[in-house]
Amino acid sequence: MSNDAASTILLPFDPDGGDDQTAESLEALIAQVEGEVAELQFTRFTNDDAVALGQLLVQLGVSRNLPIAISICKPNHILFRAALDGATPDNDYWLDAKSRTAARYFVPSLLVGLKARRNGGRAEDNPMFDTATHAAHGGSFPLYIRGVGPVATVTVSGLPQLEDHRLVVEALRTFHAADGL
């Protein structure tokens, strides 16, 4: 392989990685998350759906021995909450902070953090972003009703932020396909 061919390989962007990552890999991850938002629209989302989705995340976590905490909530209403072996009280803070971010900006918490990095910044650099109550880290995804918008959030904490995000997306895809929502 020539040096030119090797230089065209786009390494995936890691939000926990250093500043030496390319703008192209950041834009590719932003586009991927925006595609997930467009894909994962539901026709309904009830409290019973929240429990079923939460149980699916518990099954995935237990089967993989993941030290995660899970939360599904509407504004001011917790619909499902669980902590698997290895999760800590700190995960409760992260669940709430990431969920508040997704609910405030109407997009996945990962996307808030990624878009802030576009010009070398961070969401935390914005004086309007309250780091005491919000976190622009992956793991919270709004639950969108087609034609309505976001009505709840599903959040996972306990893994590196990109893995938290990917686990939520995997569960949403599985849940969406199984129930035809």
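Helices (H or I, at least four residues) and strands (E, at least two) are DSSP runs, numbered from the N terminus. This is a predicted model: local features need pLDDT of at least 70, side-chain atom pairs count only at pLDDT 80 or more, and totals for chains, interfaces and linings use all residues. Residues are numbered from 1 along each chain as its sequence is written, and side-chain values use heavy atoms, with hydrogens and water left out.

**View A. Asparagine 76 in its loop.** Asparagine 76 sits in the loop between E2 and E3. Its phi is positive, about 60°, although asparagine 76 is not a glycine. Most residues other than glycine have a negative phi. Asparagine 76 counts as exposed because its relative accessibility is 86% (buried means under 20% relative accessible area, exposed over 50%, partly exposed in between; 1.4 Å probe, protein chains only).

**View B. Phenylalanine 106 in its loop.** Phenylalanine 106 belongs to the loop between H4 and H5. Here too is a residue other than glycine with a positive phi, near 65°.

View C. Histidine 165 is part of helix H6. Is histidine 165 buried or exposed? Histidine 165 is buried, because its relative accessible area is 2%. Its side chain makes a polar contact with the side chain of glutamate 36, at 2.7 Å. A polar contact is a pair of N or O atoms within 3.5 Å; within protein, one must be able to donate a hydrogen and the other to accept it, and residues adjacent in sequence count only if both atoms are side-chain atoms. Leaving aside neighbours within four places in sequence, histidine 165 is in contact (heavy atoms within 4.5 Å) with Val33, Glu36, Pro108, Leu110, Gly138, Gly139 and Phe141.

**View D. The largest nonpolar core.** A nonpolar core is a set of buried Ala, Val, Leu, Ile, Met, Phe, Trp, Tyr and Cys residues joined through side-chain atoms within 4.5 Å. The largest one has 31 residues. Those with the most contacts inside it are Leu53, Ile72, Phe141, Leu143, Val154 and Leu172. Two or more residues come from each of helix H3 (47-63), E2, E3, strand E4 (140-145), E5 and helix H6 (161-179). Which element gives the most to this core? H6 does, with six residues. Apart from this core lies another, of nine residues, including Phe13, Leu29, Ile30 and Leu110.

**View E. The largest pocket.** This pocket has a volume of about 360 Å³. A pocket is an open set of points on a 1 Å grid over the protein atoms alone, where a 1.4 Å probe fits, with protein on both sides within 12 Å along at least five of seven lines; lining residues have an atom within 4 Å of a point. The volume is the space filled by probe spheres set on the points. The lining has 23 residues, and Phe13, Asp19, Arg117, Gly121 and Arg122 lie nearest the centre. H5 supplies the largest share, four residues.

**View F. The second largest pocket.** About 290 Å³ of space lies here. Of its 17 lining residues, Cys73, Lys74, Pro75, Ser99 and Ala103 are the closest to the centre. Strand E2 (69-74), strand E3 (77-83), helix H4 (89-105) and strand E5 (149-157) each supply at least two lining residues. H4 gives the most, with five.
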